[in-house]
Each structure stands twice: as structure tokens, then as C-alpha cells.
Amino acid sequence: MKFRITIHSGFAAPADALDLLWQRLDVQHEDARFARVGAEIRVTWGDSPVSMERDERDEIGRRAVLDIVFEVCDRAPELESDWFAVSPLP
């Protein structure tokens with residue numbers, strides 16, 4: 001499954017917020033792989049059971065990626081997890 005991390009429009013993130021997050025992400029973290037593509041970070045996350053509905057799989061994957069973002073932000077005082085949004089790629 002593929003997701004993207006972008007700047008959340010509802011919070012006043014600094015211009016370099018995505019750069020700061022990218023510097024602290026492991027390119028490969030457990031079931032997720034990260035790649036910087038323009039103004040977003042792309043994520044490939046391990047598969048969920050095919051028997052689930054697509055929206056269920058999307059939500060489980062999105063939550064897993066958000067948990068990684070929260071973990072990174074908790075370790076880096078200059079980052080706020082509220083600055084970032086995670087959404088599935090079509």
C-alpha cells in the first residue's frame with residue numbers, strides 16, 4: 001500500500017518541517033519504506049489481508065504510518081506531529 005506524508009494545512013508548520021522529518025526518518029522502518037518526492041514523503045507500507053475492504057486496509061496503513069511519524073516527532077523536540085498529514089495514494 002502506498003501513502004504520502006504532507007504538511008497538514010490546519011497547522012502553522014515551518015517551511016522546513018518536511019525536511020526536518022525526512023532527516024529523522026529511517027528510510028526503511030519495520031514494514032514501511034520512505035522516499036522523498038518533491039513536496040511530500042512517499043511511503044510503501046506492508047500489506048494488509050486482502051479479505052479486508054480497501055477503506056479498512058487504507059485506514060490501518062494510514063494509522064501505522066502516523067504512528068511512525070508520532071514516534072519520530074516524540075524523539076525530536078523541534079518537530080510537532082500535528083504538522084503532518086498522511087493520506088493514501090490513489
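The structure holds one aromatic pair, formed by W83 and F84 in an edge-to-face arrangement, with 6.3 Å from centre to centre and 65 degrees between the planes. Rings of Phe, Tyr and Trp (its six-membered ring) pair if their centres lie within 6.5 Å, and planes under 30 degrees apart count as stacked, over 60 as edge-to-face and the rest as tilted. Both W83 and F84 are buried (buried is under 20% relative accessible area, exposed over 50%, partly exposed in between, with a 1.4 Å probe and protein chains only).

This is a predicted model, in which local features need pLDDT of at least 70 and side-chain atom pairs count only at pLDDT 80 or more, while totals for chains, interfaces and linings use all residues. Residues are numbered from 1 along each chain as its sequence is written, and side-chain values use heavy atoms, leaving out hydrogens and water. The protein averages a pLDDT (the predictor's confidence in each residue, from 0 to 100) of 89.

A search of the whole structure finds six salt bridges, each a side-chain nitrogen of Lys or Arg within 4 Å of a carboxyl oxygen of Asp or Glu. One of them joins R36 to D19, with the closest N and O atoms 2.8 Å apart; this pair links distant parts of the chain, R36 lying in strand β3 (residues 32–37) and D19 in helix α1, 17 residues apart. Helices (H or I, at least four residues) and strands (E, at least two) are DSSP runs, numbered from the N terminus.

Another salt bridge brings together the side chains of E78 and R24, at 2.5 Å from N to O. Because E78 lies in the loop between α2 (54–75) and β5 (84–88) and R24 in helix α1, the pair ties together parts 54 residues apart in sequence.
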